[in-house]
Amino acid sequence: MHKKRYIKNVLTLIFSLLFCLNLFAQVPNFSNEKRGIVLYPSDITSLGSLNWIELLSKNSINLIGIHTDTRLEPLTDLESFLKSKEGKVFLNACKEYDIDIEYELHALQDLLPRSTFHKHPEYFRLDEQGIRQLEYNMCFTSEPAYDVVEKNIRKITKWLKPSTHRYFFWTDDVQFAFCHCDGCKPYSVSEQALLYENKLLEMLRKIDPQAQVAHLAYTNTMESPKKVKPLEGVFLEYAPIQRNYNVGLTEKHLNDLKENLLVFPKETSHVLEYWLDVSMFSDWKKDKLVKLPWEKGNFLRDIKTYKNLGINSITTFGAWINDDYIEQYGVDHTNKVLSEYGHTLNTSENLIIDANLQDWDKNNYIYGLTNPWGSQSKDNTHFDYKITNDHFYFYFKTTDNTPTTSPYAKELSVEEGDRVELFFSSEKDLSKYYCVEINPEGYVLDYRAKFYRRFNDKWDLKSLRISTAVTENGYIVEGKISLDEFKSLRLVDEVYLGVFRADYQDGEKVNWYTKTIPDSRTPDFHIPSAFEKIFLN
Ligand SMILES: [Zn+2]
(Lines give C-alpha, C1' and ligand atoms only; values in the text may rest on other atoms or scores of the structure.)
Protein backbone atom coordinates (compact mmCIF):
# COMPACT_ATOMS: atom_id res chain seq x y z
CA MET A 1 0.00 0.00 0.00
CA HIS A 2 1.12 3.51 -0.63
CA LYS A 3 1.26 6.16 2.02
CA LYS A 4 -1.94 8.14 1.72
CA ARG A 5 -2.10 11.88 1.77
CA TYR A 6 -5.29 13.73 1.22
CA ILE A 7 -5.77 17.21 -0.03
CA LYS A 8 -8.99 18.88 0.74
CA ASN A 9 -9.83 21.97 -1.12
CA VAL A 10 -11.84 24.02 1.33
CA LEU A 11 -12.79 26.59 -1.26
CA THR A 12 -14.19 23.92 -3.51
CA LEU A 13 -16.25 22.61 -0.64
CA ILE A 14 -17.72 26.04 0.06
CA PHE A 15 -18.54 26.52 -3.59
CA SER A 16 -20.10 23.11 -3.77
CA LEU A 17 -22.45 24.01 -0.93
CA LEU A 18 -23.32 27.28 -2.62
CA PHE A 19 -24.06 25.50 -5.85
CA CYS A 20 -25.85 22.51 -4.41
CA LEU A 21 -29.14 23.82 -5.77
CA ASN A 22 -27.71 23.26 -9.19
CA LEU A 23 -27.21 19.52 -8.62
CA PHE A 24 -30.02 18.45 -10.85
CA ALA A 25 -29.16 20.65 -13.79
CA GLN A 26 -29.37 18.63 -16.98
CA VAL A 27 -26.95 18.58 -19.84
CA PRO A 28 -28.88 20.35 -22.60
CA ASN A 29 -29.58 18.80 -25.96
CA PHE A 30 -28.16 21.03 -28.69
CA SER A 31 -29.00 18.90 -31.69
CA ASN A 32 -31.85 19.65 -34.08
CA GLU A 33 -31.72 16.20 -35.57
CA LYS A 34 -34.81 14.11 -34.90
CA ARG A 35 -34.36 10.38 -34.42
CA GLY A 36 -37.75 9.01 -33.55
CA ILE A 37 -39.95 6.02 -32.96
CA VAL A 38 -43.75 5.83 -33.12
CA LEU A 39 -45.59 3.53 -30.70
CA TYR A 40 -49.10 2.74 -29.59
CA PRO A 41 -50.08 3.66 -26.01
CA SER A 42 -50.30 -0.10 -25.30
CA ASP A 43 -46.67 -0.62 -26.40
CA ILE A 44 -45.57 1.88 -23.78
CA THR A 45 -47.66 0.40 -20.98
CA SER A 46 -46.62 -3.12 -21.95
CA LEU A 47 -42.90 -2.51 -21.31
CA GLY A 48 -43.45 0.25 -18.79
CA SER A 49 -42.77 3.94 -19.23
CA LEU A 50 -39.37 4.02 -17.57
CA ASN A 51 -38.13 0.93 -19.42
CA TRP A 52 -39.06 2.57 -22.69
CA ILE A 53 -37.34 5.82 -21.77
CA GLU A 54 -34.19 3.92 -20.81
CA LEU A 55 -34.28 2.00 -24.10
CA LEU A 56 -34.70 5.19 -26.12
CA SER A 57 -32.20 7.22 -24.19
CA LYS A 58 -29.41 4.67 -24.32
CA ASN A 59 -29.98 4.14 -28.02
CA SER A 60 -29.79 7.79 -28.97
CA ILE A 61 -33.48 8.07 -29.91
CA ASN A 62 -34.62 11.60 -29.06
CA LEU A 63 -38.24 11.64 -30.22
CA ILE A 64 -41.25 9.52 -29.44
CA GLY A 65 -44.52 9.73 -31.31
CA ILE A 66 -47.64 8.13 -29.89
CA HIS A 67 -49.98 6.76 -32.50
CA THR A 68 -53.71 6.17 -32.46
CA ASP A 69 -56.15 5.15 -35.14
CA THR A 70 -59.81 4.22 -35.25
CA ARG A 71 -59.17 0.52 -35.91
CA LEU A 72 -56.83 -0.66 -33.16
CA GLU A 73 -56.29 1.99 -30.51
CA PRO A 74 -58.52 5.07 -30.56
CA LEU A 75 -57.75 8.56 -29.34
CA THR A 76 -59.55 7.87 -26.05
CA ASP A 77 -56.86 5.27 -25.24
CA LEU A 78 -54.21 7.95 -25.63
CA GLU A 79 -56.16 10.35 -23.43
CA SER A 80 -56.56 7.73 -20.70
CA PHE A 81 -52.87 6.88 -20.91
CA LEU A 82 -51.67 10.48 -20.68
CA LYS A 83 -53.96 11.19 -17.75
CA SER A 84 -52.95 8.01 -15.89
CA LYS A 85 -50.18 7.78 -13.29
CA GLU A 86 -48.08 5.81 -15.78
CA GLY A 87 -48.63 8.49 -18.42
CA LYS A 88 -47.47 11.22 -16.06
CA VAL A 89 -44.34 9.23 -15.23
CA PHE A 90 -43.77 8.89 -18.96
CA LEU A 91 -44.17 12.61 -19.71
CA ASN A 92 -41.88 13.60 -16.84
CA ALA A 93 -39.22 11.11 -17.86
CA CYS A 94 -39.34 12.37 -21.47
CA LYS A 95 -38.68 15.87 -20.16
CA GLU A 96 -35.87 14.73 -17.89
CA TYR A 97 -34.14 12.77 -20.63
CA ASP A 98 -34.70 15.42 -23.31
CA ILE A 99 -36.86 13.13 -25.41
CA ASP A 100 -39.37 15.04 -27.49
CA ILE A 101 -42.92 13.81 -27.59
CA GLU A 102 -45.56 14.20 -30.26
CA TYR A 103 -48.79 12.50 -31.34
CA GLU A 104 -49.30 10.96 -34.78
CA LEU A 105 -53.02 10.38 -35.13
CA HIS A 106 -55.62 9.31 -37.64
CA ALA A 107 -58.02 11.66 -35.92
CA LEU A 108 -60.47 13.14 -38.39
CA GLN A 109 -63.33 11.07 -36.98
CA ASP A 110 -62.59 12.56 -33.57
CA LEU A 111 -62.51 16.07 -34.97
CA LEU A 112 -65.74 15.70 -36.91
CA PRO A 113 -67.84 13.22 -34.91
CA ARG A 114 -69.94 10.91 -37.06
CA SER A 115 -72.97 11.67 -34.89
CA THR A 116 -73.14 15.05 -36.65
CA PHE A 117 -74.09 13.30 -39.90
CA HIS A 118 -77.84 12.99 -39.33
CA LYS A 119 -78.27 16.71 -38.75
CA HIS A 120 -75.64 17.90 -41.21
CA PRO A 121 -74.90 15.41 -43.97
CA GLU A 122 -73.45 18.31 -46.00
CA TYR A 123 -70.41 18.33 -43.65
CA PHE A 124 -69.50 14.89 -44.98
CA ARG A 125 -68.03 13.67 -48.22
CA LEU A 126 -69.99 13.10 -51.40
CA ASP A 127 -69.02 9.80 -53.01
CA GLU A 128 -68.65 9.19 -56.75
CA GLN A 129 -72.33 8.22 -56.98
CA GLY A 130 -73.34 11.58 -55.50
CA ILE A 131 -74.30 10.18 -52.08
CA ARG A 132 -73.17 11.75 -48.81
CA GLN A 133 -71.23 9.21 -46.76
CA LEU A 134 -71.00 9.08 -42.99
CA GLU A 135 -67.90 6.88 -43.06
CA TYR A 136 -64.45 8.44 -43.32
CA ASN A 137 -63.14 11.96 -43.76
CA MET A 138 -65.33 15.00 -44.56
CA CYS A 139 -66.29 17.51 -47.20
CA PHE A 140 -63.02 19.41 -47.31
CA THR A 141 -64.60 22.65 -48.53
CA SER A 142 -67.45 22.82 -46.01
CA GLU A 143 -66.84 25.89 -43.84
CA PRO A 144 -69.41 24.96 -41.14
CA ALA A 145 -67.80 21.50 -40.86
CA TYR A 146 -64.53 23.24 -39.98
CA ASP A 147 -66.31 25.07 -37.14
CA VAL A 148 -67.03 21.67 -35.59
CA VAL A 149 -63.44 20.59 -36.21
CA GLU A 150 -62.14 23.70 -34.47
CA LYS A 151 -64.34 23.14 -31.44
CA ASN A 152 -62.86 19.67 -31.05
CA ILE A 153 -59.30 20.84 -31.71
CA ARG A 154 -59.73 23.19 -28.75
CA LYS A 155 -60.93 20.32 -26.57
CA ILE A 156 -58.21 17.88 -27.55
CA THR A 157 -55.31 20.32 -27.29
CA LYS A 158 -56.20 20.93 -23.66
CA TRP A 159 -54.46 17.61 -22.89
CA LEU A 160 -52.49 16.89 -26.06
CA LYS A 161 -49.39 19.09 -26.17
CA PRO A 162 -46.50 17.97 -28.39
CA SER A 163 -43.14 19.24 -27.09
CA THR A 164 -42.07 19.90 -30.70
CA HIS A 165 -45.20 21.99 -31.47
CA ARG A 166 -45.67 19.69 -34.47
CA TYR A 167 -49.26 18.42 -34.80
CA PHE A 168 -50.30 15.34 -36.73
CA PHE A 169 -54.08 15.12 -37.17
CA TRP A 170 -54.17 12.94 -40.25
CA THR A 171 -57.15 12.18 -42.46
CA ASP A 172 -58.68 8.71 -42.18
CA ASP A 173 -56.57 5.69 -43.05
CA VAL A 174 -58.49 4.64 -46.15
CA GLN A 175 -58.06 5.14 -49.86
CA PHE A 176 -60.73 6.62 -52.15
CA ALA A 177 -62.58 8.39 -49.35
CA PHE A 178 -62.28 11.98 -50.46
CA CYS A 179 -65.03 14.34 -51.52
CA HIS A 180 -66.62 14.68 -54.98
CA CYS A 181 -68.89 17.66 -54.31
CA ASP A 182 -68.72 20.69 -56.63
CA GLY A 183 -66.53 22.57 -54.14
CA CYS A 184 -64.02 19.72 -53.66
CA LYS A 185 -64.09 18.22 -57.19
CA PRO A 186 -61.46 20.52 -58.67
CA TYR A 187 -58.92 19.35 -56.11
CA SER A 188 -56.82 16.19 -56.09
CA VAL A 189 -56.75 13.98 -53.01
CA SER A 190 -53.46 15.54 -51.82
CA GLU A 191 -54.91 18.99 -52.40
CA GLN A 192 -58.07 18.23 -50.40
CA ALA A 193 -55.86 16.99 -47.57
CA LEU A 194 -53.81 20.19 -47.76
CA LEU A 195 -56.94 22.39 -47.67
CA TYR A 196 -57.76 20.65 -44.39
CA GLU A 197 -54.19 20.93 -43.03
CA ASN A 198 -54.03 24.65 -43.84
CA LYS A 199 -57.27 25.11 -41.90
CA LEU A 200 -55.86 23.11 -38.98
CA LEU A 201 -52.79 25.34 -38.91
CA GLU A 202 -54.93 28.48 -38.62
CA MET A 203 -56.93 26.92 -35.78
CA LEU A 204 -53.87 25.62 -33.93
CA ARG A 205 -51.94 28.88 -34.22
CA LYS A 206 -54.65 30.54 -32.13
CA ILE A 207 -53.91 28.02 -29.37
CA ASP A 208 -50.17 27.46 -29.86
CA PRO A 209 -48.44 30.28 -31.77
CA GLN A 210 -45.53 27.93 -32.63
CA ALA A 211 -47.81 25.24 -34.04
CA GLN A 212 -46.83 23.38 -37.20
CA VAL A 213 -49.07 20.88 -38.99
CA ALA A 214 -48.09 17.76 -40.91
CA HIS A 215 -49.14 17.19 -44.49
CA LEU A 216 -49.09 13.42 -44.70
CA ALA A 217 -47.85 12.07 -48.04
CA TYR A 218 -49.00 8.47 -47.81
CA THR A 219 -50.71 5.89 -50.07
CA ASN A 220 -53.15 8.09 -52.03
CA THR A 221 -51.68 11.45 -50.98
CA MET A 222 -48.17 10.74 -52.29
CA GLU A 223 -48.60 13.03 -55.28
CA SER A 224 -47.53 16.60 -54.54
CA PRO A 225 -50.31 19.21 -54.27
CA LYS A 226 -50.33 21.82 -57.06
CA LYS A 227 -53.47 23.97 -56.94
CA VAL A 228 -53.26 24.41 -53.17
CA LYS A 229 -50.15 25.89 -51.54
CA PRO A 230 -49.15 25.05 -47.97
CA LEU A 231 -49.33 27.89 -45.46
CA GLU A 232 -46.04 28.58 -43.75
CA GLY A 233 -46.00 26.09 -40.89
CA VAL A 234 -47.47 23.16 -42.79
CA PHE A 235 -44.67 20.66 -43.25
CA LEU A 236 -44.23 17.53 -45.33
CA GLU A 237 -44.47 14.16 -43.65
CA TYR A 238 -43.40 11.48 -46.08
CA ALA A 239 -44.56 7.95 -45.16
CA PRO A 240 -43.80 5.40 -47.89
CA ILE A 241 -45.76 2.43 -46.57
CA GLN A 242 -45.50 -0.96 -48.29
CA ARG A 243 -42.02 -0.56 -49.67
CA ASN A 244 -39.73 -3.44 -50.42
CA TYR A 245 -36.92 -2.96 -47.91
CA ASN A 246 -34.51 -5.18 -49.84
CA VAL A 247 -34.26 -2.43 -52.44
CA GLY A 248 -34.13 1.33 -52.06
CA LEU A 249 -36.99 3.74 -52.72
CA THR A 250 -38.43 3.11 -56.19
CA GLU A 251 -38.24 5.75 -58.89
CA LYS A 252 -41.91 6.53 -58.26
CA HIS A 253 -41.26 6.99 -54.54
CA LEU A 254 -38.30 9.24 -55.22
CA ASN A 255 -40.13 11.32 -57.81
CA ASP A 256 -43.08 11.88 -55.49
CA LEU A 257 -40.75 12.84 -52.66
CA LYS A 258 -38.73 15.25 -54.80
CA GLU A 259 -41.91 16.86 -56.20
CA ASN A 260 -43.18 17.32 -52.65
CA LEU A 261 -39.88 18.90 -51.64
CA LEU A 262 -40.48 21.55 -54.31
CA VAL A 263 -43.75 22.46 -52.57
CA PHE A 264 -42.79 22.05 -48.88
CA PRO A 265 -39.57 23.37 -47.30
CA LYS A 266 -36.99 20.62 -46.92
CA GLU A 267 -35.73 22.14 -43.63
CA THR A 268 -38.95 21.15 -41.89
CA SER A 269 -39.67 17.96 -43.86
CA HIS A 270 -40.05 14.78 -41.91
CA VAL A 271 -39.90 11.10 -42.83
CA LEU A 272 -42.10 8.50 -41.18
CA GLU A 273 -40.73 5.06 -42.07
CA TYR A 274 -41.64 1.48 -41.21
CA TRP A 275 -38.22 -0.11 -40.62
CA LEU A 276 -39.23 -1.17 -37.08
CA ASP A 277 -42.97 -1.60 -37.58
CA VAL A 278 -43.69 -5.04 -36.13
CA SER A 279 -47.42 -4.45 -36.73
CA MET A 280 -46.93 -3.91 -40.47
CA PHE A 281 -44.48 -6.78 -40.94
CA SER A 282 -46.92 -9.00 -39.01
CA ASP A 283 -49.73 -7.92 -41.33
CA TRP A 284 -51.46 -6.42 -38.24
CA LYS A 285 -52.06 -9.90 -36.80
CA LYS A 286 -51.29 -9.69 -33.10
CA ASP A 287 -51.21 -13.45 -32.64
CA LYS A 288 -48.52 -13.90 -35.30
CA LEU A 289 -45.77 -11.42 -34.51
CA VAL A 290 -43.07 -11.49 -37.16
CA LYS A 291 -39.42 -10.83 -36.37
CA LEU A 292 -38.33 -7.47 -37.81
CA PRO A 293 -36.45 -8.09 -41.08
CA TRP A 294 -33.83 -5.57 -39.96
CA GLU A 295 -30.73 -5.16 -42.14
CA LYS A 296 -28.39 -2.38 -41.13
CA GLY A 297 -27.10 -2.11 -44.73
CA ASN A 298 -30.60 -1.52 -46.10
CA PHE A 299 -31.22 1.06 -43.44
CA LEU A 300 -27.95 2.90 -44.19
CA ARG A 301 -28.91 3.00 -47.87
CA ASP A 302 -32.29 4.55 -47.04
CA ILE A 303 -31.06 7.17 -44.60
CA LYS A 304 -28.36 8.21 -47.05
CA THR A 305 -31.13 8.88 -49.59
CA TYR A 306 -33.14 10.97 -47.12
CA LYS A 307 -30.16 12.88 -45.73
CA ASN A 308 -28.90 13.65 -49.24
CA LEU A 309 -32.26 15.28 -49.92
CA GLY A 310 -31.71 17.46 -46.84
CA ILE A 311 -34.14 15.71 -44.47
CA ASN A 312 -32.94 15.57 -40.85
CA SER A 313 -36.14 14.65 -39.08
CA ILE A 314 -36.60 10.91 -39.32
CA THR A 315 -38.82 8.57 -37.41
CA THR A 316 -40.08 5.03 -37.79
CA PHE A 317 -43.10 3.14 -36.61
CA GLY A 318 -42.09 0.73 -33.85
CA ALA A 319 -45.65 -0.41 -33.21
CA TRP A 320 -45.90 -3.72 -31.33
CA ILE A 321 -42.38 -3.70 -29.99
CA ASN A 322 -43.89 -4.83 -26.72
CA ASP A 323 -43.44 -7.54 -24.09
CA ASP A 324 -44.87 -10.25 -26.39
CA TYR A 325 -42.36 -9.32 -29.06
CA ILE A 326 -39.42 -9.30 -26.66
CA GLU A 327 -40.53 -12.59 -25.16
CA GLN A 328 -40.51 -14.17 -28.62
CA TYR A 329 -37.43 -12.60 -30.14
CA GLY A 330 -35.31 -11.64 -27.16
CA VAL A 331 -33.92 -8.59 -25.42
CA ASP A 332 -30.63 -8.79 -27.31
CA HIS A 333 -32.29 -8.69 -30.72
CA THR A 334 -34.55 -5.79 -29.69
CA ASN A 335 -31.67 -3.85 -28.17
CA LYS A 336 -29.46 -4.42 -31.17
CA VAL A 337 -32.08 -3.21 -33.63
CA LEU A 338 -32.86 -0.09 -31.59
CA SER A 339 -29.17 0.57 -31.02
CA GLU A 340 -28.29 0.30 -34.70
CA TYR A 341 -31.26 2.44 -35.63
CA GLY A 342 -30.62 5.28 -33.16
CA HIS A 343 -26.84 5.37 -33.25
CA THR A 344 -26.63 5.22 -37.04
CA LEU A 345 -29.03 8.13 -37.34
CA ASN A 346 -27.01 10.18 -34.88
CA THR A 347 -24.62 11.96 -37.19
CA SER A 348 -23.20 14.62 -34.85
CA GLU A 349 -19.92 12.72 -34.90
CA ASN A 350 -17.14 15.07 -33.98
CA LEU A 351 -16.98 15.78 -30.31
CA ILE A 352 -14.17 17.96 -29.01
CA ILE A 353 -12.40 16.53 -25.99
CA ASP A 354 -12.21 19.65 -23.86
CA ALA A 355 -14.24 18.82 -20.72
CA ASN A 356 -16.90 21.16 -22.03
CA LEU A 357 -20.02 19.13 -22.70
CA GLN A 358 -21.92 21.62 -24.85
CA ASP A 359 -21.41 19.52 -27.97
CA TRP A 360 -22.92 16.38 -26.47
CA ASP A 361 -26.33 15.21 -27.50
CA LYS A 362 -27.84 12.43 -25.38
CA ASN A 363 -26.75 9.01 -26.60
CA ASN A 364 -26.58 6.37 -23.89
CA TYR A 365 -27.11 8.94 -21.22
CA ILE A 366 -27.81 8.04 -17.61
CA TYR A 367 -28.19 10.18 -14.52
CA GLY A 368 -26.97 8.67 -11.28
CA LEU A 369 -24.64 5.79 -10.42
CA THR A 370 -25.63 3.55 -7.51
CA ASN A 371 -23.78 2.80 -4.29
CA PRO A 372 -24.90 -0.78 -3.59
CA TRP A 373 -22.78 -1.26 -0.47
CA GLY A 374 -23.57 1.95 1.36
CA SER A 375 -26.57 4.20 1.09
CA GLN A 376 -28.04 2.14 -1.81
CA SER A 377 -28.84 5.49 -3.32
CA LYS A 378 -27.73 7.14 -6.53
CA ASP A 379 -25.21 9.93 -6.80
CA ASN A 380 -25.58 12.93 -9.14
CA THR A 381 -23.26 11.71 -11.87
CA HIS A 382 -24.18 12.39 -15.47
CA PHE A 383 -22.66 9.72 -17.68
CA ASP A 384 -22.89 9.14 -21.39
CA TYR A 385 -21.00 7.31 -24.08
CA LYS A 386 -21.25 7.49 -27.82
CA ILE A 387 -19.92 5.26 -30.55
CA THR A 388 -19.07 6.85 -33.86
CA ASN A 389 -17.40 5.30 -36.89
CA ASP A 390 -13.96 5.85 -35.33
CA HIS A 391 -14.22 6.33 -31.60
CA PHE A 392 -15.76 5.42 -28.31
CA TYR A 393 -16.51 8.78 -26.64
CA PHE A 394 -17.51 9.16 -23.00
CA TYR A 395 -17.94 11.66 -20.22
CA PHE A 396 -18.62 11.71 -16.50
CA LYS A 397 -19.90 14.85 -14.82
CA THR A 398 -19.84 14.24 -11.09
CA THR A 399 -20.89 16.12 -8.01
CA ASP A 400 -18.33 15.77 -5.25
CA ASN A 401 -18.49 17.62 -1.94
CA THR A 402 -15.38 15.89 -0.62
CA PRO A 403 -12.73 16.35 -3.30
CA THR A 404 -9.80 14.09 -2.55
CA THR A 405 -6.67 13.49 -4.58
CA SER A 406 -3.26 12.19 -3.73
CA PRO A 407 -0.07 13.76 -5.16
CA TYR A 408 0.90 11.99 -8.34
CA ALA A 409 4.02 9.88 -8.07
CA LYS A 410 3.11 7.06 -10.40
CA GLU A 411 0.08 5.54 -12.09
CA LEU A 412 -1.04 3.73 -8.94
CA SER A 413 -1.33 7.08 -7.13
CA VAL A 414 -4.64 7.49 -8.97
CA GLU A 415 -6.05 4.69 -6.78
CA GLU A 416 -5.60 6.86 -3.71
CA GLY A 417 -8.27 9.42 -4.48
CA ASP A 418 -11.49 10.25 -6.31
CA ARG A 419 -11.75 8.78 -9.77
CA VAL A 420 -14.05 7.43 -12.44
CA GLU A 421 -13.49 4.08 -14.10
CA LEU A 422 -14.34 2.29 -17.32
CA PHE A 423 -13.72 -1.43 -17.79
CA PHE A 424 -14.05 -3.23 -21.12
CA SER A 425 -14.15 -6.94 -21.85
CA SER A 426 -14.82 -8.99 -24.95
CA GLU A 427 -15.60 -12.00 -22.77
CA LYS A 428 -18.48 -12.32 -20.37
CA ASP A 429 -16.30 -14.32 -17.97
CA LEU A 430 -13.61 -11.56 -17.89
CA SER A 431 -10.94 -14.00 -19.03
CA LYS A 432 -9.31 -10.87 -20.41
CA TYR A 433 -10.37 -7.30 -19.77
CA TYR A 434 -9.08 -3.74 -19.81
CA CYS A 435 -9.45 -1.02 -17.23
CA VAL A 436 -8.96 2.71 -17.20
CA GLU A 437 -9.28 4.86 -14.09
CA ILE A 438 -9.10 8.65 -14.37
CA ASN A 439 -8.87 11.23 -11.61
CA PRO A 440 -10.12 14.84 -11.64
CA GLU A 441 -6.64 16.15 -12.43
CA GLY A 442 -6.44 14.00 -15.55
CA TYR A 443 -4.05 11.33 -14.27
CA VAL A 444 -4.75 7.89 -15.64
CA LEU A 445 -4.27 4.41 -14.27
CA ASP A 446 -4.75 1.85 -17.03
CA TYR A 447 -4.14 -1.87 -16.85
CA ARG A 448 -4.93 -5.19 -18.40
CA ALA A 449 -6.53 -7.83 -16.22
CA LYS A 450 -7.62 -11.43 -16.05
CA PHE A 451 -10.27 -12.85 -13.79
CA TYR A 452 -9.80 -12.91 -10.81
CA ARG A 453 -7.88 -9.72 -10.05
CA ARG A 454 -4.74 -10.64 -11.96
CA PHE A 455 -3.58 -7.15 -12.93
CA ASN A 456 -0.85 -5.98 -15.28
CA ASP A 457 -0.53 -2.22 -14.83
CA LYS A 458 2.43 -1.93 -17.19
CA TRP A 459 -0.15 -2.11 -19.97
CA ASP A 460 -1.31 1.16 -21.53
CA LEU A 461 -4.27 2.19 -23.62
CA LYS A 462 -2.47 4.02 -26.43
CA SER A 463 -5.27 5.95 -28.10
CA LEU A 464 -6.94 7.26 -24.94
CA ARG A 465 -7.41 11.05 -25.08
CA ILE A 466 -8.95 12.83 -22.12
CA SER A 467 -9.69 16.23 -20.74
CA THR A 468 -10.79 16.96 -17.17
CA ALA A 469 -12.07 20.00 -15.34
CA VAL A 470 -12.78 20.72 -11.70
CA THR A 471 -16.14 22.48 -11.45
CA GLU A 472 -17.80 24.43 -8.64
CA ASN A 473 -19.29 21.27 -7.21
CA GLY A 474 -17.41 18.33 -8.66
CA TYR A 475 -15.47 17.43 -11.74
CA ILE A 476 -15.82 16.47 -15.40
CA VAL A 477 -13.92 13.76 -17.25
CA GLU A 478 -14.36 13.61 -21.03
CA GLY A 479 -12.48 11.26 -23.32
CA LYS A 480 -12.27 9.07 -26.38
CA ILE A 481 -10.65 5.79 -27.37
CA SER A 482 -10.11 4.73 -30.96
CA LEU A 483 -12.15 1.82 -32.25
CA ASP A 484 -9.06 0.60 -34.13
CA GLU A 485 -7.34 0.03 -30.82
CA PHE A 486 -10.49 -1.65 -29.51
CA LYS A 487 -10.35 -3.91 -32.56
CA SER A 488 -6.73 -4.85 -31.78
CA LEU A 489 -7.95 -5.88 -28.30
CA ARG A 490 -10.75 -7.91 -29.91
CA LEU A 491 -13.30 -5.46 -28.53
CA VAL A 492 -15.68 -5.56 -31.46
CA ASP A 493 -19.47 -5.83 -31.89
CA GLU A 494 -20.63 -7.07 -28.48
CA VAL A 495 -18.59 -5.76 -25.58
CA TYR A 496 -19.02 -5.88 -21.81
CA LEU A 497 -18.74 -2.48 -20.17
CA GLY A 498 -18.32 -1.51 -16.52
CA VAL A 499 -18.90 2.09 -15.42
CA PHE A 500 -17.76 3.02 -11.93
CA ARG A 501 -16.80 5.82 -9.61
CA ALA A 502 -14.78 5.91 -6.38
CA ASP A 503 -15.62 8.79 -4.08
CA TYR A 504 -13.35 9.33 -1.07
CA GLN A 505 -15.13 10.67 1.96
CA ASP A 506 -13.07 11.29 5.08
CA GLY A 507 -9.68 9.73 5.28
CA GLU A 508 -9.88 6.23 3.90
CA LYS A 509 -13.63 5.83 3.62
CA VAL A 510 -14.65 5.31 0.01
CA ASN A 511 -18.10 5.23 -1.50
CA TRP A 512 -18.20 2.95 -4.53
CA TYR A 513 -20.68 3.74 -7.30
CA THR A 514 -21.61 1.67 -10.32
CA LYS A 515 -23.92 1.74 -13.34
CA THR A 516 -24.65 -1.99 -13.15
CA ILE A 517 -25.16 -3.43 -9.68
CA PRO A 518 -22.86 -6.44 -9.17
CA ASP A 519 -23.85 -9.60 -7.39
CA SER A 520 -21.48 -9.16 -4.46
CA ARG A 521 -21.94 -8.38 -0.78
CA THR A 522 -18.67 -6.46 -0.57
CA PRO A 523 -17.43 -3.77 -2.96
CA ASP A 524 -16.05 -5.50 -6.04
CA PHE A 525 -16.04 -4.34 -9.65
CA HIS A 526 -13.79 -7.11 -10.96
CA ILE A 527 -16.55 -9.66 -11.43
CA PRO A 528 -18.75 -10.34 -14.50
CA SER A 529 -21.98 -9.13 -12.90
CA ALA A 530 -20.54 -5.61 -12.63
CA PHE A 531 -20.49 -5.38 -16.43
CA GLU A 532 -23.26 -4.94 -18.98
CA LYS A 533 -23.37 -5.83 -22.63
CA ILE A 534 -23.21 -3.02 -25.18
CA PHE A 535 -22.91 -2.97 -28.96
CA LEU A 536 -20.07 -1.17 -30.68
CA ASN A 537 -21.46 -1.30 -34.23
ZN1 LIG B 1 -66.82 18.50 -50.62
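The questions and answers below go through the folding of one protein chain, which is a predicted model.

In this predicted model, local features need pLDDT of at least 70 and side-chain atom pairs count only at pLDDT 80 or more, while totals for chains, interfaces and linings use all residues. Residues are numbered from 1 along each chain as its sequence is written.

User: How many helices and strands does the protein chain have?
Analyst: Helices (H or I, at least four residues) and strands (E, at least two) are DSSP runs, numbered from the N terminus. Counted in that way, the protein chain has 14 helices and 22 strands.

User: What percentage of the residues in the protein chain is buried?
Analyst: A residue is buried if 20 or more other C-beta atoms lie within 10 Å of its own, exposed if 12 or fewer, and partly exposed in between, with C-beta atoms placed from the backbone. For the 537 residues of the protein chain, the buried share is 42%.

User: How many Å separate the centres of domain 1 and domain 2?
Analyst: The domain bounds come from an automatic or database domain assignment, which gives domain 1 as 3-120 + 143-175 + 200-345 and domain 2 as 366-535. The C-alpha atoms of the protein chain fill a box of roughly 95 × 50 × 40 Å, taken along the principal axes. Taken over C-alpha atoms, the separation of the two domain centres is 35 Å.

User: Which residues of α5 are buried, and how wide an arc do they cover?
Analyst: Helix α5 (residues 85-96) has 12 residues and reaches 17 Å from its first C-alpha to its last, close to the 16 Å expected at 1.5 Å a residue, where the expected span is 1.5 Å times one less than the number of residues. The buried residues of α5 are G87, F90 and C94. The arc is that of the directions from the helix axis to the C-beta atoms, and these residues are on the same side of α5 because their arc is only 55 degrees.

User: Which elements are included in what covers the buried residues of α5?
Analyst: Two residues are in contact if their C-beta atoms, placed from the backbone, lie within 7 Å. The cover over the buried residues of α5 includes α2 (41-47), α3 (49-58), β2 (63-68), α4 (75-83) and β3 (100-106).

User: Why are the buried residues of α7 on the same side, and which residues are exposed on the other side?
Analyst: In helix α7, the buried residues are A145, Y146, V149 and I153. They cover an arc of only 95 degrees around the axis, which is why they are on the same side of α7. In general, an α-helix has 3.6 residues a turn, so residues three or four places apart point the same way. The residues exposed on the other side of α7 are P144, D147, K151 and K155.

User: Is D283 buried or exposed?
Analyst: D283 is in the loop between α10 (278-281) and α11 (296-308), and its phi is near 55 degrees, a positive value in a residue other than glycine. Because D283 has 8 C-beta neighbours inside 10 Å, it counts as exposed.
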